[in-house]
Number of protein chains: 4
Amino acid sequence: MDFNIIRAGRTILHVTDLEKSRAFYDALGFIETASDHENIFYRSIEDHTHHCLWLKKKEEPAVEAVSYKVTSEADLDQLEAHFKKQGLRTIWMEKGSQPAIGRTLRVQDVSGLPVEFFAEIEKAERMLQKFHLHKGAKVQRIDHFNCMVPDVGKAYDDYMNNLGFSCSEYTANEEEQVWAAWLHRKPSVHDVAFMNGKGPRLHHIGFWLKDPLSLIDACDVLASMGLGANIERGPGRHGLSNAFFLYLRDPDGHRIELYNGDYLTSDPDFEPVRWDLDDPMRQTFWGHEAPDSWFNEASRVLDIETGAQIALEEPKLEKKKPTFVI
Amino acid sequence: MDFNIIRAGRTILHVTDLEKSRAFYDALGFIETASDHENIFYRSIEDHTHHCLWLKKKEEPAVEAVSYKVTSEADLDQLEAHFKKQGLRTIWMEKGSQPAIGRTLRVQDVSGLPVEFFAEIEKAERMLQKFHLHKGAKVQRIDHFNCMVPDVGKAYDDYMNNLGFSCSEYTANEEEQVWAAWLHRKPSVHDVAFMNGKGPRLHHIGFWLKDPLSLIDACDVLASMGLGANIERGPGRHGLSNAFFLYLRDPDGHRIELYNGDYLTSDPDFEPVRWDLDDPMRQTFWGHEAPDSWFNEASRVLDIETGAQIALEEPKLEKKKPTFVI
Amino acid sequence: MDFNIIRAGRTILHVTDLEKSRAFYDALGFIETASDHENIFYRSIEDHTHHCLWLKKKEEPAVEAVSYKVTSEADLDQLEAHFKKQGLRTIWMEKGSQPAIGRTLRVQDVSGLPVEFFAEIEKAERMLQKFHLHKGAKVQRIDHFNCMVPDVGKAYDDYMNNLGFSCSEYTANEEEQVWAAWLHRKPSVHDVAFMNGKGPRLHHIGFWLKDPLSLIDACDVLASMGLGANIERGPGRHGLSNAFFLYLRDPDGHRIELYNGDYLTSDPDFEPVRWDLDDPMRQTFWGHEAPDSWFNEASRVLDIETGAQIALEEPKLEKKKPTFVI
Amino acid sequence: MDFNIIRAGRTILHVTDLEKSRAFYDALGFIETASDHENIFYRSIEDHTHHCLWLKKKEEPAVEAVSYKVTSEADLDQLEAHFKKQGLRTIWMEKGSQPAIGRTLRVQDVSGLPVEFFAEIEKAERMLQKFHLHKGAKVQRIDHFNCMVPDVGKAYDDYMNNLGFSCSEYTANEEEQVWAAWLHRKPSVHDVAFMNGKGPRLHHIGFWLKDPLSLIDACDVLASMGLGANIERGPGRHGLSNAFFLYLRDPDGHRIELYNGDYLTSDPDFEPVRWDLDDPMRQTFWGHEAPDSWFNEASRVLDIETGAQIALEEPKLEKKKPTFVI
């Protein structure tokens, strides 16, 4: 590989009502860096750059792109060469065409997900020690993208073998087929997870919290603001990844995971943790059963060129409700 | 009134397998004061007295008594006189007939619940500052009894008008009939709650935790010990009482609530908080829907004289699942 | 006794700059109920009444009164009769002469402290479940007054024998003289503490926090607002009372204790905990040595009739820095 | 560079009384992997390998080595070649000569510190989800080494330019000389820090905790076990690194930092945070003044060949107590 992907960097979401979205994301403690009638740019409390979440006002909710940060501009060119060779469609978003960010490369990846890469982004004041401005969940940083794809094996192979990701944990069935996999570039449990399911869709964006009590604070604050119905699942703990988790739905149904509790995965001799499809501790180390919505609903993703919704395919592996997804 | 009830003091539970029970209650951080082949006596970490929970090995799970502490021996005599006048059945358990406690008065109360009163109990070392011995939920003290009774109005009137309890919060229907009421002697939200339901039965015993994180620790520890299935509901927050709650089932199905988050109710001008039966925030300020077991299952209570199970009656007020109980 | 004192109820502080005071108390999460150019009235998050802290703009910092709530107006009359019989000076503040409160009785107590009693106070919205408005230390309620007095024995005897207080913990010297005592009406560790020292002065007002992390949040928020210098001592834990504590100085030097960690003291058979003057764990179970300011500085108190500062007397018992005060 | 250092990996400490050391490290929640009359091997709760702390019984307390993990055996050879070219003394510890670890390369680095590198270490059961076995501070992983060296500039240049470290934060004087620097390989605030001071000595080993409350638990547990005197400084927060910190001294005086609160430093465009030597928030964002011991005392380090103590040199830059070290 001639390129270096650093970490999950930002998400671009289409939302239908900016004010409703603002009420929700403000409550969680996101910091608004900039906004106008069509856009809100949010960063988290440890961010030193402009945004990790871009909300665009549109007619329909959708995911325009999930974005990874790379080391340098040269990495973008190498990535383009790689994707072209692989036969994947790519487009360039030149510097200036998007606020606050350098040029970006977008690709419709092997699963049909709209994935973006960037090296340059504007600086912003880091709020980590502005404690009097922290509120709600005190969201500290973007952590990962969780994607439902019809062919997990294909996604797994591509990210592991072609893009340089490592696997921290995975779920396999009796034939040792991968049902779900947690893959990382930064040495945390994951930057991206792929799960067997109707897709391609974005199941959720994960944000890291500094401590477990901030997750409870998020529940209390959302409920007292009348947003309790936006809590979909949790609090609970996943066996897989050790995440103390809370799943929320934003006003357009985009799913946000708040979590705390992963671990360092820097060591080359760290052996990926295998979870059996039938291990009841895998999905829920403890906590209530997940509602059906959590298994069935996810955000539609867009074509990088046309902006149309990418068509869905049924999963290749048999779908089993309690097991196909964390 | 010529007597002074201080607070919820202890519970006597019949359990069928002491070792299974020990594994469960030890995990929560209860301190074992004494035990033999037939009994285990547990205290909480701030207790200065012998026990707040007595497990007796028996053929069938049941509640032998819920006990209140009173100021002095004279209070017991006054209580006996009061109950006799009221026409309720009472018995004395003389000092020496039960380990570690002075004489107790037992009454089958207006709802048919086996209620006990005592003034004297042996001292024990307080473990509040033995932090290295705290574990699990670090259960700090017994707090309340939650009872399902067929006639909440009758129980409410008796405890308020005859026994000197005050009401902190309650649920009423459109006709202003009391569906559920939280009553206290010590200035917390409650020492006892009565809820409309098939009864008399004990819905749960509530124990107070020193902080919200101890409740999360309880979940983690139970799950890692293989006792995750004993978690029935939560974590979540009740609107009513502001409790950050977790409901557990012990190996015999007795329900234990761990909670944190109430407030001081000492003021005579504190106005009881009224919750409408249809207010969705009442039962669950936030959190998953309670499972059916939580609404339908509770511990049977015994006759103070014969030890037989008290017969159940259907509730007087119409039963509505989402509303009849917190 | 023919009167019933319920609990520590409010404090009236003289401050020299309302805006500076507001910045400080707002940061801690006090809720402003009302204010004008001369006054700010604050309540805590669980308060159902108008205020527990009244700041009055004056030329010099001082304590005008520490106030206890009683059950009824009749209690005030009984208290007046009692104090008159005891030969103490009292005055009435008629209803209407102070905002938001009924008539109050003020007495210059046996130690010379200005103590006030009231039964009636205006209601206010309780913010306990308005989680999105909680901030800083999320101060939950007023808890106690800690007073330096020249004759602890005299204060102890009066509050225990004449005013109906109970003792939870105390420090004694080798001759079993009381050096410091923690006394309560509500069943917590204390509503008032008396310590051997130059006085009468108010050492601090204690406020109860809902959990230990709120205390750490207070430190972070004060520091990030540029108020870090207002932290005088802590965090640490006292052996005596088990308080996880933080001591702050407001802009006029009035000392505020934020704490979490006490226990229920409702039982008549609870034996007061005796701490030896030389037990190093008493003052500081763990934590840094207290600075000299903490031992030497305290707020001056006023004459209930003239408003002049009460003259100071040297303590009767020999002053020992590491031991005379918690 | 032809080698890849991953992270701070282990420390080898000489201690004089294994039982005293065991009582201390057990209290903090370290997991004992193996031990005999001469050695104890400890791992942290997320470790998947044999140990991160090796205590050797010896006549005198000392630091035998601080160790970094590298990617592969080939990295060790490349490192040896690099150090030889640089003129530094190295030795090999062949596989089998030390328990549980592959061959290691030791070097007396540019500051005279005994530094070790390894690629291979035995596996051990990861206790991350064995919550019932977590106790005390629940130490989660080794994080960094903090070293006092006479020439910070030299150490900084070598680790940045020759060994591939990046700088997250640093302190500079008016002439822009580096007084102290926080350097990392894994994307946290640091794997190693160098501070201007008499050295070479090891100031402390830092361990990461999963949440702030575990740090308070550590204080409580140490105090209740009679080890309160081992707490040297804290809790408090550093401006530099945002660490919520606690400094302990083990029975031989080796200093351990427990901390929580850093941030991700993976981005190449993250600009090192510069702190002025005179910024009072740098050392102590909030918290008590550090005791003199914290500035003056540190662990002696040994010659990799002779095992003799490395001679101390006075710092090149003028020593200023409140500023020379965090």
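**Salt bridges within and between chains**

Let me begin with one pair: the side chains of Asp269(A) and Lys69(D) meet in a salt bridge, with 2.8 Å from N to O. Asp269(A) sits in the loop between β16 (255–260) and β17 (273–276) of chain A, while Lys69(D) belongs to strand β5 (residues 62–70) of chain D, so the pair joins two chains. Please keep in mind throughout that this is a predicted model. Lys69(D) has a relative accessibility of 1%, and because anything under 20% is classed that way, this lysine counts as buried.

Staying with chains D and A, the contact draws 38 residues from chain D and 38 residues from chain A. The area buried between the two is about 2900 Å², with carbon and sulfur atoms giving 55% of that. On the chain D side, Gln129(D), Leu264(D) and Asp269(D) lose the most area to chain A, and together they account for 18% of what that side buries.

How many salt bridges does the rule find across the interface of chain D and chain A? There are six, and one that I would point out is between Arg7(A) and Asp267(D), where the closest N and O atoms are 2.7 Å apart. Across this interface the rule also finds 16 residue pairs in polar contact, both residues being at pLDDT 80 or more. Strands β1 (5–15) and β17 (273–276) of chain D each supply at least two residues of the side that touches chain A, and the residues of that side divide into 14 nonpolar, nine polar and 15 charged.

Turning to chains B and C, Lys69(C) forms a salt bridge with Asp269(B), the closest N and O atoms being 2.7 Å apart. Here Lys69(C) lies in strand β5 (residues 62–70) of chain C and Asp269(B) in the loop between β16 (255–260) and β17 (273–276) of chain B, so this pair, too, joins two chains. Lys69(C) is buried, at a relative accessible area of 0%, whereas Asp269(B), at 22%, is partly exposed.

Inside chain C, the side chains of Glu46(C) and Arg141(C) meet in a salt bridge at 2.9 Å, N to O. This pair links distant parts of the chain, 95 residues apart, with Glu46(C) in the loop between β3 (39–43) and β4 (53–57) and Arg141(C) in strand β9 (residues 141–149). Glu46(C) counts as buried at 6% relative accessibility, and Arg141(C) counts as buried at 13%.

In chain A, salt bridges that share partners join Arg10(A), Lys56(A), Glu64(A), Arg106(A) and Glu116(A) into one network.

Definitions and conventions: Residues are numbered from 1 along each chain as its sequence is written. Chains are lettered from A and ligands numbered from 1 in the order in which they are written. This is a predicted model: local features need pLDDT of at least 70, side-chain atom pairs count only at pLDDT 80 or more; totals for chains, interfaces and linings use all residues. Side-chain values use heavy atoms; hydrogens and water are left out. Contact means heavy atoms within 4.5 Å. Buried area is the accessible area (1.4 Å probe) that two parts lose on being put together, summed over both. A salt bridge is a side-chain nitrogen of Lys or Arg within 4 Å of a carboxyl oxygen of Asp or Glu. A polar contact is a pair of N or O atoms within 3.5 Å; within protein, one must be able to donate a hydrogen and the other to accept it, and residues adjacent in sequence count only if both atoms are side-chain atoms. Helices (H or I, at least four residues) and strands (E, at least two) are DSSP runs, numbered from the N terminus. Ala, Val, Leu, Ile, Met, Phe, Trp, Tyr, Cys and Pro count as nonpolar, Asp, Glu, Lys and Arg as charged, and the others, Gly among them, as polar. Buried means under 20% relative accessible area, exposed over 50%, partly exposed in between (1.4 Å probe, protein chains only).
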